[in-house]
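Morning, everyone. Please have the sequence and the model open while I talk.

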Amino acid sequence: MKKILKILDVIYYNLYTFAYNSPRPREITAIGTLLLCIAFIVFGLYYSVCELFDVELIFFMSYLPLLVVLTIFILLIYRYIRRDKYKYIILKKPIIRSERFSKIITIAFVVFSVMMFLVLLLIIEIS
């Protein structure tokens with residue numbers, strides 16, 4: 001669990017630095033971007049697994065990924081904003097192995113989330 005949180009901290013830090021010219025506060029922009037990427041992954045994986053196993057989605061099951069994303073949103077807000085952890089992360093500048101490798105992890109995470117969004121669009125188009 002600590003490794004997952006460290007990777008989230010690294011991704012959050014890199015998204016924070018990428019949002020340099022944002023009109024909104026950078027900590028909110030970084031959390032919004034992180035949440036959007038996580039939402040793309042959750043929705044894409046959920047609907048692709050349902051399509052793969054040919055599961056008929058009933059009313060409640062279609063809202064399950066939304067509940068997961070909302071729960072992750074609350075946890076991210078609590079972790080970074082409510083506890084002021086973002087200030088500590090910005091000062092600490094977390095990295096994995098090197099700064100370049102950390103940025104590659106962040107870019108790969110964003111690209112993977114966009115790919116899952118495209119898979120989701122493809123599944124919706126097929127259905």
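H1 and H5 pack at an angle of about 80°, and their axes are 10 Å apart. Axes here are lines fitted to C-alpha atoms, for helices over the stretch in contact, and angles run from 0 to 180 degrees between N-to-C directions. H1 and H5 are therefore roughly perpendicular to each other. On the cut-offs: under 35 degrees is roughly parallel, over 145 roughly antiparallel, 65 to 115 roughly perpendicular, and the rest oblique. H1 brings Asp9, Tyr12, Tyr13 and Tyr16 to the contact, and H5 brings Lys85, Tyr86, Ile89 and Ile90. Contact means heavy atoms within 4.5 Å. By class, the contact of H1 with H5 has six nonpolar, no polar and two charged residues. Ala, Val, Leu, Ile, Met, Phe, Trp, Tyr, Cys and Pro count as nonpolar; Asp, Glu, Lys and Arg as charged; the others, Gly among them, as polar.

Ground rules. This is a predicted model, where local features need pLDDT of at least 70 and side-chain atom pairs count only at pLDDT 80 or more, while totals for chains, interfaces and linings use all residues. Residues are numbered from 1 along each chain as its sequence is written, and side-chain values use heavy atoms, with hydrogens and water left out.

Stay with H5, residues 85–92. Which of its residues are buried? Lys85, Tyr86 and Ile89. Buried is under 20% relative accessible area, exposed over 50%, partly exposed in between, with a 1.4 Å probe and protein chains only. The three cover an arc of only 100° around the axis, which puts them on the same side of H5. That arc is taken over the directions from the helix axis to the C-beta atoms. Their cover includes helix H1 (2–18), helix H2 (26–52) and helix H4 (64–82). After H5 comes Lys93, with a positive phi near 55°.

Next pair: H2 and H4. Their axes come within 10 Å and cross at roughly 155°. That makes H2 roughly antiparallel to H4. The contact includes Ile31, Leu35 and Phe43 of H2, and Val69, Phe73 and Tyr80 of H4. By class, it has 21 nonpolar, no polar and one charged residues.

Now the whole chain. There are six helices and zero strands. Helices (H or I, at least four residues) and strands (E, at least two) are DSSP runs, numbered from the N terminus. Of the 127 residues, 34% count as buried. The C-alpha atoms fill a box of roughly 50 × 35 × 30 Å, along the principal axes.
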